[in-house]
Every structure is written in C-alpha cells, then in structure tokens.
Amino acid sequence: MPGYLIKKLGRLLLVLIGVSLIAFGMTHWIQGNPAELVLAQTGVDPTQEEIERMEHQLGLDRSLPEQYLTWIEKVLQGDFGTSYITGVPVKEELAYRVPATLKLTIGAFLVTLGLAVPLGIWSAVQKDKLPDVLTRGAASMGLAVPGFIWGLLLCYWFSVRLGLLPMTGEQTFARLVLPVLTLSLPLTSRYICVIRGCILEQLEEGYVFLLRSKGLRERTILWGNVLKNAAVPVVSLLGLSLGSLLGGSVVVESLFSWPGLGSYLITSINNRDYPVITAYVLLMAVAFVLINGLADLLLCLLDPRIRLGGGRQT
Amino acid sequence: MEPLLVVEHFSVQYQRMDRPAVDDVSLSLNPGQVLGVVGESGCGKTTLIKGILGFFPHCVAGVAGSVRLEGKELLGLPDKERRNLLGTSMDVIAQDSGTSLNPMKRIGKQFSQILGEKLGLSYQSSMIYARELLARVNCPKELLNRFPFQLSGGQRQRVLIALAFALRPKLLLADEPTSALDVTVQGQVLRELELLRRDCKSAILLISHNLGAVSRIADQVAVMYQGQVVEYGETHQVMDTPSHPYTKGLIACVPSLSLPKSQRLYNIPQGGKEWEGGCRFASRCPERIPDCQRQAPQLRPGKKGGLVACHCCG
Amino acid sequence: MPLLRLNNLCKSYGKFQAVDSFTLDLEEGETVGLVGESGCGKSTLAALVMGLIRPTSGQVLFEGRDLWKMTGKEWKAYRRQAQMVFQDPSASLSPRMTVGESIQEPMRNFFKWSKEQRMEKAKRLMADVGLSLEGFNRRPSAFSGGQCQRVAIARAIGVSPRLLVLDEVTASLDVSIQAQILNLLADLRKAEGFGCLFISHDLGAVRYMSDRVVVMYLGRIMEVLPGEDLPQNAKHPYTQLLLNSMSFIEGQTAQEPFTPKEGTFQGCPFYARCPYGMERCKREIPSLKSFTQNHFVACFYNL
Amino acid sequence: MRWNWKMALGLGMIGALALLGILAPLLSHADPAATDLMLRLKPPGTVGLLGTDHLGRDMLARVLYGTRCSMGVSFLILGVSVLTGTLLGLLSGYFGGMADGAISSVMEVLLAFPGLILSLTVVGILGPGLWHTVWAICLTSWIGYARLVRGMTLTLREKEFVKAAVLGGCSHWAILGRHILPNLLGNVAIYAAANVGSITAQLASLSFLGLGAQPPTPEWGAMLNEAKGFLSVAPWMAIFPGVALVWMACGFHLFGDGLAGLLRQDPQGSSDGKECGKGGAFTGGRTL
C-alpha cells in the first residue's frame, strides 16, 4: 500500500507542477506586459524608462525560472494579483465566491448519490422489468440532453409559469433547489447507468455462481458481496464526476445568476480579466487533482488488490 | 438401492442452435458413488451440470425430461425450495477456481458467510470448522486471513473443495476440477477430493475432458458426444474394453507414456460436413455403415456390458 | 555447428529469474522437447529464442551468430528461418484478416513472389495442413480451435523455416484434436526437415514428439535425456515427480503425498519439493552433469 | 452488419435534421440574420411559421440555418479529435518510451482540468468566438480517443497475432496499420458515436454562455442564451432551438447506444469486449 500511495503522490505532484506551469505561462505570455498594464491604470502613456523601472520593480527583468519561483511563492500565499476591472485583489473576490459554488456542487453531489445509488441498484435487481426499463429510459434522456436545457425547462416551469421557486435574490435554500437539480441531473443519469452496469457485471462473476450454488439467499449475495465489489469502479469514477460538476457549475451559475465562481469566470472572460481567469483555473485544477487523489485513497482502502499490491485490478 | 440422482431423457435447447446442447440424456447415480462424464468441449457437459442445478441462462429456449434427486423432481422446482437443497443436498465445484472466490473478501470471511447462513454457525465456530476443513485438504490455516489473489491455483482449488464438503452434500457436481492445474498438483487435488468423498459419503458427478483423470476415481463413466451419451458403463469396462468407436478413439489418441516411442498416435478423423441426421459421430467414424447416416442409434446394452449407442458394435 | 545454440542464457524481470543459465544446442532437423509446469519460464525461453525479448545475459546463437549482434540483413534472414506457433489458436490469427491473407502475409514480407504464386502456395499449404479451401476467404472466427491452429502452422511453415518453435500448441485443444495436431506436426517435420523446439507441460506429448527432452523447473534445466529413455531412465527427482503424477492421474500407481518444505533456499530450485533433499542441496546449485553420453542431470543426489 | 432499431432511429433522426440544414434555403426564404424591429417577438404562426425573436428575426430560418452551424461544427470537432487522438494513442501505445512519456504527461496534465473548464480557459485566453470554441473543445476531446486507443494498443500489442506478425516480418507500420488499427476501430466508433453527443452539448453550452458563436450567427446554444431573458414573454424563442438541440442529442445518443450494442454482440467488432463493455457505460467521457 505505501508503494502504491507514494507512486500516486508522485504523479499528483508532477501534475500539479504541470498545471502551475500552464497557469504561469498564461500570466506570462498571454496577458501582455504586466508593467505596461499596471502603468496603464494611471491613465497616462508611460515612457520607455518608466516601463523599464516598473519591470524591474515587478521582477520582470529576471530569468524565467526565477520569475516562476517568485510567482509560485506568491500563489502559495494566496496572492493572485488584482483584478484589472475592479482593482480589488482577486483573493478577496474568491473568498466571497467560493462558498456559493461549494454549496451548489456539494448539494448536487449529495443529490446525485442519493438518487443514483438506490435507483441504480433497483434497476439492476429488476433487470428488464418495468422499473428498470423506465429508469433506464429516463436516465438515457438525462444523459443525452445537455444539462442547460434541463435548466431552462425547470426554470420555465417552476419559476416563470408556477412561480414556486425564485430565480434571483438571496442565497436561500429555495433558490438553491433549481440549480442543484439542474447540476445533478446529467450526473445522476450517468451514475444510474454505471451503477446498474457494474452490478450486472458482478452478478455474472464466478463467485456469485458459487454463492448461488451453495443456496445462499439473493439478498445475502447482493448486499454482502456484490455491492462492495461493484463499488470499486464507481468510486474510481467519483473523482472524475466531481470534475464534471465543477465544469457544469459554470453553466448553471450563469443560467440561474448564482453568485459563484462560475459566473465570476464568465464575466471575467468577457472582460478579459486575466488574473481572475488564471486564479480560477489554478484553483479548479488543484481542487480537482486533490479530489482525485482522495478518490484514489478511498479506492485503495476499499480494494485489497490495490492495497496489498497484487492480483489483477478490476 | 434407490439411486440418489436420476436424470431421464433430459434435453436442453439453446436459442439459435440447430441441435440441443444436451440431447435426451439419461443417467443415474447411487449414493456415495462417482460417475464420470467425459467429453470434449461443446459436448454439453457444463450445460448438463447447470441443468441439474437448475441454473438456466436466459438464452435457453426449452428444457425437457426429468431430473430427480432422492425421488424429488428438480425441474420446475420453486427457487426457495431449490435454495434449501443447494449446498446441503447438492453442491458444485466450478471449473474456474480463479474467479470462483470473491476477490475482495478474505477466505475466512467467505467460509463464515456460507457456514453462517447454511448451518447457522457463529463466526468463531465457523472459523474452527474452516480450519479443520483446510487441514484436511493440506492447506495451512493462515489461508483464512488471505485474499484469493494471494493464493496459488492449487490452493484456490483446495479451498473450493473444502467449501464444497463443508456442508456435506449428498451429491457433488464437479466441473473439470483439476484441468486448470499443473500435473503435479492435479494428482494431489484428486486424492484430496477422493478422501473427502469417503469421509462425507457424498456421491460425485465428475465432469472432465480427460478420460484418465476420470477413471482414477470414478465407479462409472458416461462418454458424451455432441450432447448425447454414446457409451455408459463401469469404469474398468469402458476403459479396458471400450465399445463405441469414439470412446476407443479418445483412449487411443492420448500420447501416453506407455506407448512405444515409434508408434504413431491414433487419430479420430476430422469432422466432415454439418450433421444432417442419423448418428452424430458418423462423419468421423472409421467403422461407419450406411445405416449410421440414416438412423440415430439408441443407447442399448453392448456385447461387452454397459450401454452403447452404435449400430455396429451394439 | 548446431542450428541453434543457447549459451548460458538468463532473463530476469526485476528480482524474478524467469530463465537462469540456460544452455542448450539444437541440431539441424532435430526436435528438442521442453517440458515444465506453468511459470517455469518456458514461454520466456520461446520469446528469447525468437528474439522477441532481449536476454539479460548470455547469447542466442543461430548458426553461430548472436541474434543481438546481427546486421539488419542477417536479422531479416533469421526472421524468415525461425518461425513460431503459439498456444492460443484463436488469438494467434488477426481477427480482421481472412485466413488466406494471414497465411500469405509472411510470404509477402520475405519473398518477392507474384500474387498468383503466393495464392497458389497458400492454397497448397492449406491442403497440406488438412483444411478445405472453402475457408480461404473466411475470418478466423468461422474456424474451430484446431482449425485455427492448423492455419497458424501453415503460416509458419509457408516461408520454409529451418527452426520452428512450438509453444504449448496443443494445450488449449481437445484431446482428439491434440492428437491430430501432433501427427500433423510429425508429418510436416518429416517432409520439411525443420528443427523443432517443442514446448509443453504435457510430458506424454513431449516424449511423443521429441528426440531429446529437456526438463525445466523455475527457469533452470533439471535434466536432459533422449526421448526413448522416458519414462524408465529418468533420474532427476523432479522428472520422476512429473512421471509419478501422470501415472497417478491415469490410475496406474499410488503416489506418496509430500509436503513442501517451508522457507526460501539458496541452493537447488527444486529443494523445497524434493523428497531426497540433502544439506548440500540447500546451499549449492547443482550444475548439469553428464550421466551417460546423451543424458545430463542437475542433481547431487544421483551423482 | 445487422441493424437494430436504436441505431436506425438515431440515424434517421440525425439524417432528417441534416437534410433540413442542407435544404434550409429552400424551406425558408427569410434571411436568418435580417433584423426587423417592427416585427419583434411575434408568436409562431403570425409572422413566419415559428414566429420571430427579440430583434424580429425569423425563427424558422434561424433554427434551420442553426443546424448547419451546430451539426457541421460538431462533426468538424469530432473529425479532428478522432484523427489526432487515434494517431497519438497508437504511437504512444505501440512505441512506448519517450513518445509515450511525453504524450501521456500532456494528457495527464490536461486531464487535471475538470470537465468544461479547460475549454473555458482556452476561450478565456483567446477570447469569445465560434472558432476559438472549436479549438478549445478539440484540445480536450482528443484525449478520450488517445486514452482509449493507447490502452487498447497496449493490450493488442501483447496479443499473439501481433507477435506472429512481427515474426512474419511485418514492419512497425504494417503491424500498426494492418493488425492493430483494424481491431480497435470498432471501439473508436462506439466511443465516437457517444462522444459526438457530448461535443454537441459542449459546443451548445459554450455558446449558451455567450462564449461560442457570436450574434448574429444562428447557433442553437447562442439562441437559447438570447431567449433566456424572454422566457416569460416569448417562450417560443427557447422552445424551438431547444427542441432542435434535444432532437439532435437524442439522435446521437440512440445511434451511439445502438452501435455499441451491435458491436458488442458481434465478437469480431470488439477485440476486447470486457474493457469496452465498461467503457460503454462511461462513454463520452465528459458530460456537462
């Protein structure tokens, strides 16, 4: 187990370095000359001399690796620079936005698990009977149609037509319902299919035949054996799906005007507010990589074949 | 003596197959005896076992005949009653020891789960029993704390044998229990199977493609070809004085160590066209007469004893 | 000069020694049988001989030339002259190519023949291995295991190799088909005169096919003996164990159970399972010693 | 090759839509970009068959011409990703070594950006615009193919028929082209059929966020974005492009499902049934 974890940790670190290099590249080459940008905020055309002085002040005349190290140091302290548009440090804006996005994604994640796990199991147990066919049909629809269309539909019915749930205003629970549902719908559909598939695959395994031939009840076989084994591929997918939640949150936030990171990103893209974009990307990538690391750890605890290093993996 | 297992005119037809996988098979097995069923791949051995157990896959189109265990009809038995019979009255050792154990559970847990549900043993007492069982198949008791992937193929097969005899079934169906093992291990596992059978007084239906391995422990042998029994009799009689050309061929084509070095191996000729009626073996048969292509031979007493399905040697 | 010489050949994967100090000569037209249980390094040896993997140390010499020091031209010539048939017949044919294309492929790569010449030769080969020509344009999925193995054999002998490596070619076939394939190989060998390395776990098949039999255990040679000396003159305890197990399964003799010794030992690889193990076997690895002129045994007990 | 109803229905749905897109000039004479503020927000049936939007543009024309943009661009992205992904996957899986190290590292770093976010970042850097979104989606969607193909190449490379081809004197390129590629095309097709739906969804999502196609280009996602503000007064502005999008998505989904089922039944279709059987459930890689 330590060997496996150390290897995973090493890869994780490498990926984080790669991510930071991309983000650094963004700040360095794409945003234009920061010295000019800073001076431009004063509103007066800077002279060449002033620019050079500013470059020195910002450390831009040093070698690239040195600049990278200074930049990394600043980032690790949470300093992402200031927004071009508002002049407010990006850090402060993020601190306000992150909780809103967290509420949304965690809510959606819980809803997904709460819906998909029972439905997936039920669908697998009732294979090819009416409940399974209906669930699968619904899941197919949820999977095929882009998430924001569901959002628009929910929005139209519950907010515009029925006026039940608010679209704007305070971050209340009622206002959270529609975005959370929209965000979790595609993922729930996917998980129903995956969980169902994994259970059915396990039911074909030799050990299920053995247990059946010993006359064990289906209940024991399912709850005592199959579910745990089927959880392995599902858990290995958990990390990835949180990623798709983070990505989806951008669309949902913008659709429901939810004041989270996603809507902040869209505004910033339209304003070419590069420090914000860089900070957002870096934050998301790091969060995602760490979540995946956690999922790996969970997998390692769950599956003895990984933990004890041997045998074939599923 | 009342036979333990009676199979009468048993047929299983799969969807989209031109002939039944098991075709009009009749066998009977007395308590405590061993019946070997020998045949090559596709002869319906495994379907026969699954049929006796009552595990029919979805693609089965039709089942006919009768399977009786201690006078009780098994075909069409409700699931619940079958579950009560499974394990205690009849049990199975599956072909593939690699997948027959739950890969994510320690061996001990797997023992306790089965012993707990079928015999009502507590965890502690099932561990004591499991240790005793493992000792009888020459396995160290440390195996109880291991996962299946940490065991060698021979050890896994022994664990399966121990599990099968744990419930002291009256009938044990063994599907190629040793064919995946190395030759040195095969011998040992066969011997352990034989010892346990003697202790538990179980009857065994042993299925194998290897006539030699079957003849070692079987009292009677049935030779199957394309779903039908072609020869059925006492082991020594079938092995020493085979009647059916297919049985003769099967015995002669093994490159035995006692064969003179320069002698050419006997060949059963390759099959000709598709079967069109009459004897299934006719197109490969060296002793074929015109009748063979026209009329299917019935199983009837042969000149040398036993039952043979052949026009020429009946 | 022998056709193939394996000189002190070793291959290790990390700490695991798959093949260890393997020395063997194979003469032109001779069949050497290699027998051993699963995991003894048989297949690694086949891959080493074919030049599919690089040895950790030691050499594979074909007509005296080291495989891994050959020029490009020599290498290509070796590729043609040494062919191999694999264990799993259905996996050894490309599923998306017709059987005819599969047979023709090596010819196309090695010979500058016209398409007609190739087709003709491929059809003749199919007849030689006992297949009807109906299947020429079919995919392998339409064939049974035994038929696929015949196709694989046709493909291998199509370029007239001088060395044919047969890696467990009968292991996944039915008994009656095994006999057919063994007889086919014996006939082809007589007609074509290639040297043959016949690898199998089945002592009976190895004895039937081979002039000399090499018994391998955990990567090392235990015993080399002429095929006709089996089963009577086998000397090594491991060979005897194999023979005993076989005759036990065939119901001829009783077999004494033997519990392997626990622990790891520096010496003879078979020590843990050897009923005759001595103090010396624990510490020292026995080297292959001549017993009679053609019979070599790696054991302290018998010498 | 046998057909099944899912595949036939899906193909029919997509075909019908494509036909509408191609025949758009015949079906509607209105210019999809022509604004007429006098005819704003007219309901369906009054002006034009499907009404007009907030700038008085003909909805029918816009939905029809939108097919060209939405579907055509999706296929373009699909083509680019399939080609790049398959090629890189083959090379990295077959040759291993440095090339594999480099390609795998790039993939791993790119995969560190969750879902849509990498595409968003690229658009963020390049600025909003249809072509920028195309490159942004291409940048992420080739990875799925590369991973699939690399994995399968690694398994196929160890298969005996590939070893036999090596011994039969085939060059590396012959092995790749004649023995490996034909055996993974089935799975690539399954993946692509599922992935094209996901590409459509991503494209529409980016346009919906206002980052993709810029007005007045008729694109369904962008139209829905515009309609968002008029849900209560002019729901038809959202309904028609929405229906079109759902129609296309369902068509692709059915087709992909049918194809996967078909190739999985046919043992020749997928040389590695187990692996792709699981992949089928996860197909498309990134959903929104």
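A salt bridge is here a side-chain nitrogen of Lys or Arg within 4 Å of a carboxyl oxygen of Asp or Glu. By that rule, one salt bridge crosses the interface of chain A and chain D, whereas the count between chain A and chain B is two. The structure is a predicted model, in which local features need pLDDT of at least 70 and side-chain atom pairs count only at pLDDT 80 or more, while totals for chains, interfaces and linings use all residues. Residues are numbered from 1 along each chain as its sequence is written, chains are lettered from A and ligands numbered from 1 in the order in which they are written, and side-chain values use heavy atoms, with hydrogens and water left out.

**Confidence**

- The predictor assigns the complex an ipTM of 0.86 and a pTM of 0.87.
- Chain D has an average pLDDT (the predictor's confidence in each residue, from 0 to 100) of 83, and 91% of the residues score at least 70.
- Over residues 267-288 of chain D, pLDDT stays under 50; the model has 56 contacts beyond four places in sequence for this segment, a contact being heavy atoms within 4.5 Å.
- Where pLDDT is low, the predicted coordinates should not be read in detail.

**Interface of chain A and chain D**

- Chain A contributes 49 residues to this contact and chain D contributes 42 residues.
- About 4200 Å² is buried between chain A and chain D, with 75% of it on carbon and sulfur atoms; buried area is the accessible area (1.4 Å probe) that two parts lose on being put together, summed over both.
- The side chains of A:R11 and D:E108 form a salt bridge, with an N to O distance of 2.7 Å.
- Three residue pairs, both at pLDDT 80 or more, are in polar contact between chain A and chain D; a polar contact is a pair of N or O atoms within 3.5 Å, where within protein one must be able to donate a hydrogen and the other to accept it, and residues adjacent in sequence count only if both atoms are side-chain atoms.
- On the side of chain A that touches chain D, at least two residues each come from α1 (2-30), α6 (130-144), α7 (147-161), α8 (173-203), α10 (218-255), α11 (261-271) and α12 (274-302) of chain A; helices (H or I, at least four residues) and strands (E, at least two) are DSSP runs, numbered from the N terminus.
- Helix α10(A) supplies the largest share of that side, 10 residues.
- By class, the side of chain A that touches chain D comprises 34 nonpolar, 10 polar and five charged residues; Ala, Val, Leu, Ile, Met, Phe, Trp, Tyr, Cys and Pro count as nonpolar, Asp, Glu, Lys and Arg as charged, and the others, Gly among them, as polar.

**Interface of chain A and chain B**

- This contact takes 27 residues from chain A and 29 residues from chain B.
- The area buried between chain A and chain B is about 2400 Å², with carbon and sulfur atoms giving 62%.
- One of the salt bridges joins the side chains of B:D91 and A:K214 (2.8 Å, N to O).
- Between chain A and chain B, 11 residue pairs (both at pLDDT 80 or more) are in polar contact.
- The helices α9 (206-213), α10 and α13 (304-307) of chain A each provide at least two residues of the side of chain A that touches chain B.
- That side of chain A divides into nine nonpolar, nine polar and nine charged residues.

- B:E231 lies in strand β10 (residues 228-234) of chain B and counts as buried at 1% relative accessibility; buried means under 20% relative accessible area, exposed over 50%, and partly exposed in between (1.4 Å probe, protein chains only).
- The side chain of B:E231 makes a polar contact with the side chain of B:T247 at 2.7 Å, and a polar atom of the B:E231 side chain lies 3.0 Å from the backbone nitrogen of B:H244.
- Beyond its neighbours within four places in sequence, B:E231 is in contact with residues including B:V221, B:V223, B:P242, B:L299 and B:V308.
- In helix α2 (residues 72-81) of chain C, the buried residues are C:Y78, C:R79 and C:Q81.
- The buried residues of α2(C) pack against α1 (42-49), β4 (57-62), β6 (82-85), α3 (99-110) and β7 (163-167) of chain C, together with α7 (160-167) of chain D.

**Backbone geometry**

- The peptide bond from C:L230 to C:P231 is cis, with omega near -5 degrees, and C:P231 sits in the loop between β10 (220-226) and α8 (237-249) of chain C.
- A:D128, a residue other than glycine, has a positive phi near 65 degrees; A:D128 is in the loop between α5 (90-125) and α6 of chain A and counts as exposed at 51% relative accessibility.
- C:S21 has a positive phi of about 45 degrees although it is not a glycine; C:S21 belongs to strand β2 (residues 16-26) of chain C and is partly exposed, with a relative accessible area of 28%.
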